[in-house]
Amino acid sequence: MSARFLSQYGSEITTLTMEHLWLTGAAMLFAAALAIPAGIWLTRSPRWAKPVIGVTNVLQTIPSLAMFGFLLPLPWLGERAARIAIVALTAYALLPIVRNTYAGIRGIDPTLIEVARAIGLTDRQRLFKIELPLAASFIFAGLRTSTVTCIGIATIAAAVGAGGLGELIFRGVASVDNRLVLAGAVPAALLALVADGALGLMERRFKVPATESTRT
Amino acid sequence: MHSIRISQASSFWRDGIACFAVEASTCSMKQAQARVIRTAMLSCPTVAMSAALEFREISVVADSGRRLLDGVSLAIEKGSVTAIIGRSGSGKTTLLRSANRMIEPSGGQVLIAGAIERDLVALRRKMGYVIQETGLFPHFTIERNVGIVLEAEGRSRAQRVNRVRELLKLVGLDAESFAHRYPHQLSGGQRQRVGLARALANEPDILLMDEPFGALDPLTRAEMQDMLRELLARVETTVLLVTHDLDEALYLADRIVLLSDGKIIVNVQRDEFLRTDHPEIVSYAAAFHRGDTRASSPKAGSA
């Protein structure tokens, strides 16, 4: 990639990267705000676990281009392409977070939950002091999967005019200019790698040492 | 007198208590009657005005329909140590867990110092809880594990740190070197000490212990039993101890309760335990020390 190409497209790449980040970041915030409470709620009413996880699973199987297309004619959403993109990305991000939150809390040694109740922690205290910290590493793993997926899918959002790095890719494909395709794809891939690394660090940071056992 | 059935005896007993509470002077006859009946019948519940913890006609039915506890009544005197022994499945743990309502009894009442506590959180904070697996929180330091109940009660950090130091000393651990370690860095015996310290943190009136030393090797177990005995002499705590180790029961408890099929078969003072010729006791005692030819009686030594 020549220096001339970079000086010509550099500022556009930066703007689109910021846009890309904004779309994914907003979607991840919404997804986490929905999916973590949903995952917690499922641990309280496990009979809903199957249907809810099933629905989020179905959402994930919808091809992304089709998902953007479905959302286009909707009244409030269709007005702004960014709204469509964020809603669609949120939908894709739900499954890994819900599933990991649910599995992370359900997977805690039942003895610890029992002790937490028996020593008189309230439900809130049990959730915030015991369950969430012990499941944190799982929840971060879910966030990590979701974020990486979303950064990839967000490139498709350009198809409905939502911007982001996909715009360069689409333009490059249309004008058969590989440099443009790369100018979109490389920063997107780098974003994904950085997010993966950062959230991977968080995941390890919250990893709890092997659950104790008095039996050896 | 021996032919009076348990149900009659316990209604005598309840009348006695009720009117003792209301008009102490007029019921001495009935009370005396009740006391005679009580001493005559081993399985009759102990009555004491100073009961710190009292089970009244507790029944627990499992989901499968099996009766885990069948109308168990038991009063535990303030400051005493009561050991519950019995076979696996006899209902020992179920009884212990119905005290802090980790199991909801299908019938009967649990009284703490004569009153029913309906608030579950308040009830559980009045009772320390020690189990075989210790259940220390792996993401907390020892300091935070011991102080978690104080933290939950909203005590200040300074208060917690001081109290935790006291507690660690009480269970024979050096606060300096243990406070900032994590549970997985401790041995089984050390973890059990931490579990005990946690249970005593907010000075509960009652301590519930379910096979606390069951997973430890005999030497560590003996050390823990010594430590516990010393500690209990210093604190004013009423203890309910579930164990299947007869030696442990005899070493630590003032009173021994033998459960079988969800019913109390025997409820006697420790000293009486081995003197009674109740067939269940005889067979229970005989099952201990089978390989130890040097000991003629199960009472000889406990370590």
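Student: Why does B:E203 count as exposed?

Tutor: Its relative accessibility is 60%. Exposed means over 50%, buried under 20% and partly exposed in between (1.4 Å probe, protein chains only), so B:E203 is exposed. Bear in mind that this is a predicted model, where local features need pLDDT of at least 70 and side-chain atom pairs count only at pLDDT 80 or more, while totals for chains, interfaces and linings use all residues. Residues are numbered from 1 along each chain as its sequence is written, chains are lettered from A and ligands numbered from 1 in the order in which they are written, and side-chain values use heavy atoms, with hydrogens and water left out.

Student: Where does B:E203 lie, and what is its phi?

Tutor: B:E203 lies in the loop between helix 8 and strand 6 of chain B. Its phi is near 45 degrees, a positive value in a residue other than glycine. Most residues other than glycine have a negative phi. B:R101 is another case, with a positive phi of about 50 degrees, and B:R101 sits in the loop between helix 3 and strand 4 (107-112) of chain B.

Student: What does helix 8 of chain B pack on?

Tutor: Helix 8 (residues 188-200) packs on the sheet, touching strand 5 and strand 6 of chain B, and its direction makes about 165 degrees with that of strand 5. That sheet has 6 strands in the order 5-6-7-3-8-9 (chain B), and it is open with mixed pairing.

Student: Why do strand 5 and strand 9 of chain B stand at the edges?

Tutor: Strand 5 (127-131) and strand 9 (263-269) each have a single partner strand, so one side of each is left without a neighbour in the sheet. Pairing needs at least two DSSP bridges between the strands.

Student: How do you know that strand 3 and strand 7 of chain B pair?

Tutor: 4 bridges join strand 3 (residues 81-86) to strand 7 (residues 238-242), and the two run parallel. B:I84 stands opposite B:V242 in strand 7 of chain B.

Student: What about strand 1 and strand 2 of chain B?

Tutor: Strand 1 (residues 51-61) and strand 2 (residues 67-77) of chain B pair in the antiparallel sense over 7 bridges. B:E54, for one, has B:A75 in strand 2 as its bridge partner. The two strands form a hairpin with 5 residues between them, and B:G65 in the turn has a positive phi of about 95 degrees.

Student: Over in chain A, why are helix 1 and helix 8 called oblique?

Tutor: The axes of helix 1 (residues 3-44) and helix 8 (residues 166-174) of chain A come within 9 Å and cross at roughly 125 degrees. Under 35 degrees is roughly parallel, over 145 roughly antiparallel, 65 to 115 roughly perpendicular and the rest oblique, so this pair is oblique. A:Y9 and A:L16 of helix 1 and A:L168 and A:R171 of helix 8 are among the residues making the contact.

Student: Which part of chain A has pLDDT under 50?

Tutor: Residues 212-216 of chain A stay under 50, on a scale of predictor's confidence from 0 to 100. Where pLDDT is low, the predicted coordinates should not be read in detail. The mean for chain A is 91, with 96% of its residues at 70 or more.

Note on methods:
Contact = heavy atoms within 4.5 Å. Axes fitted to C-alpha atoms, helices over the stretch in contact; angles between N-to-C directions.
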